[in-house]
Amino acid sequence: MRKLYIAGNWKMNITPSQAVEYAKKLKDSDIDKNVKVMIAPSFVCLPDVCRALNNTGIIVAAQNVNNNQKGAFTGEVSCEMLKDLGINDVIIGHSERRQYYCESDELINEKVKIALDNNMDVILCIGETLEQRENGELKSVLKKQVYTGLKDVSDSDIFKITLAYEPVWAIGTGKTATPEDAQEAHSYIRYLINSLYGEKVSEKIIIQYGGSVKPENAKQLMACPDIDGALVGGASLKIDQFLSIINVNK
Ligand code: PGA
């Protein structure tokens with residue numbers, strides 16, 4: 001049985017003081033013990049949020065990381081810096097990073113590998129644009145993103161990876177993929193993992209869905225056989241909404 005993994009990506013929202021308030025509320029909330037929970041605040045919020053959630057089992061992750069170990073990269077943050085704060089998890093390849101900061105599959109692969117070298121867990125985001133879907137390119141896009149994103153990732157490291165399928169046209173738009181569309185993509189992604197790492201790995205790997213997940217649609221999406229959790233943007237900013245997604249099966 002794969003454990004449900006619900007992650008909140010705050011993006012460039014929530015200030016450090018608001019973040020601490022949120023984290024304290026989350027700590028005191030009733031959370032389904034069968035669910036793995038993560039929040040990804042902005043870099044400047046990480047030290048305080050880590051302290052607030054210390055020893056709670058709630059994971060605090062970074063939204064991005066640089067592909068170099070250290071050096072002259074103004075404005076960037078390294079794995080070593082995150083690890084020093086006690087951060088062991090990072091989101092890599094989010095579609096906003098791909099779209100607005102020109103991150104290629106090759107760069108994303110470098111980031112994945114440096115995170116793994118630093119013994120971090122990764123949520124690797126993949127997903128097609130509306131144009132690609134309409135052109136019938138869904139499978140070829142997912143294949144390239146999975147194969148290149150995971151290039152040279154060993155059998156022993158693959159369990160440090162969670163995949164997040166996020167159709168770009170569903171992110172922040174209020175449009176959600178139908179459970180059928182999402183399931184179809186997830187099952188194809190699992191097939192790709194099977195082709196790379198074998199059946200055992202493909203049965204175990206966690207594949208989250210992301211794109212306008214809300215309390216109203218979470219149950220239906222999470223009930224799909226190949227959907228093992230959610231990467232939640234907008235609805236994770238309101239703690240009540242995030243909690244009802246976390247406790248979807250309670
Ligand atoms: P959304 O964002 O839930 O606001 O659509 C999801 C994401 O970008 O991870």
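With 250 residues, the protein would have a radius of gyration near 18 Å as a compact globule, and its value of 17 Å agrees with this. The radius is taken over C-alpha atoms, and the globule rule is 2.2 Å times the number of residues to the power 0.38. This is a predicted model, in which local features need pLDDT of at least 70, side-chain atom pairs count only at pLDDT 80 or more, and totals for chains, interfaces and linings use all residues. Residues are numbered from 1 along each chain as its sequence is written, and side-chain values use heavy atoms, without hydrogens and water.

**Overall form**
- The C-alpha trace spans about 45 × 45 × 35 Å along the principal axes of the protein.
- The protein contains 11 helices and 8 strands, which are DSSP runs numbered from the N terminus (helices: H or I, at least four residues; strands: E, at least two).

**Burial and contacts**
- Of the 250 residues, 55% count as buried, that is, under 20% relative accessible area with a 1.4 Å probe, protein chains only.
- Among contacts (heavy atoms within 4.5 Å) between residues at least 6 apart in sequence, 74% join residues at least 24 apart.

**Asn 217**
- Asn 217 is located in helix H10, which covers residues 215-222.
- Asn 217 counts as buried because its relative accessibility is 11%.
- Beyond its neighbours within four places in sequence, Asn 217 is in contact with Thr 176 and Ser 212.
- A polar atom of the Asn 217 side chain lies 2.9 Å from the backbone oxygen of Ser 212.

Methods:
Buried < 20%, exposed > 50% of the residue type's maximum accessible area, 1.4 Å probe, protein only. Polar contact = N/O pair within 3.5 Å; in protein donor to acceptor, adjacent residues only side chain to side chain.
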